[in-house]
Amino acid sequence: MKRIATLAALALTVLLPGCSAVQQMAGRFQTPREELPGEVEPVHAAAIARDEAVFWVTSNGCTAKEDITPVVRSSSDGPIITLRRIKEDRCRETLPEGTEVRWSFEELGLAPGSRLSVESPYQLPPT
């Protein structure tokens, strides 16, 4: 029994530093995530048509297009868009249907006819 414990301790001594080295090497190959502005903005609805991306987002009466930043990133399946709120809406007039924000593909830096996926989470509008 003592021999098994000694072998186990020896194996851990030899293998654990290897695990650490593998983790360090794996970290070298990960691409660093850039800091993105604001917070992810849920959408109530989205429509991608005629080279435009249209979204309905929560608003307390003061949300403007400039308060939301569209972040477009590439993927093997085509561009993916995530909306990020950079300015909080501090007004007090709740708009149950939210407010519409839209961007042309040109504004988003996309070629006409691009296939665009939406990554922002879907959230039912308040009732």
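Colleague: Let's start with K65. Is K65 buried, exposed or partly exposed?

Modeller: Keep in mind that this is a predicted model. The relative accessible area of K65 is 29%, which makes K65 partly exposed. The label covers values between 20% and 50%.

Colleague: And which residue does K65 form a salt bridge with?

Modeller: The general idea is that side chains of opposite charge can pair when their charged atoms come close. Here K65 pairs with E107, and their closest N and O atoms are 2.8 Å apart. The two sit in distant parts of the chain, 42 residues apart: K65 is in the loop between β3 and β4, while E107 is in helix α2. E107 is partly exposed too, at 47% relative accessibility.

Colleague: How many salt bridges does the count come to?

Modeller: The count comes to 6. Another one of them joins E52 and R102, with the closest N and O atoms 2.6 Å apart. E52 belongs to strand β3 and R102 to strand β6, so this pair ties together parts that are 50 residues apart in sequence. Both ends are partly exposed: E52 has a relative accessible area of 26%, and R102 has 33%.

Colleague: What about R85 and E41: are they buried or exposed?

Modeller: Buried means under 20% relative accessible area. R85 comes out at 14%, so R85 counts as buried. E41 is at 6% and counts as buried as well. These two form a salt bridge, with 2.9 Å between the closest N and O atoms. R85 lies in strand β5 and E41 in the loop between β1 and β2, so the bridge ties together parts 44 residues apart in sequence.

Colleague: Okay, now disulfides. Which cysteines are joined here?

Modeller: In general, a disulfide is a covalent bond between the sulfur atoms of two cysteines. A search of the whole structure finds 1 disulfide. This disulfide joins C62 to C91, with an S to S distance of 1.4 Å. C62 is in the loop between β3 and β4 and C91 in the loop between β5 and β6, so the pair ties together parts that are 29 residues apart in sequence.

Colleague: Why is the disulfide called left-handed?

Modeller: Because the torsion about the S-S bond of C62 and C91 is about -60 degrees. Both cysteines are partly exposed, C62 with a relative accessible area of 38% and C91 with 28%.

Methods
Residues numbered from 1 in each chain as written. Predicted model: local features only at pLDDT ≥ 70, side-chain atom pairs only at ≥ 80, totals over all residues. Heavy atoms only, no water. Disulfide = S-S within 2.5 Å. Helix = DSSP H or I, 4+ residues; strand = E, 2+ residues; numbered from the N terminus. Buried < 20%, exposed > 50% of the residue type's maximum accessible area, 1.4 Å probe, protein only. Salt bridge = Lys/Arg side-chain N within 4 Å of Asp/Glu carboxyl O.
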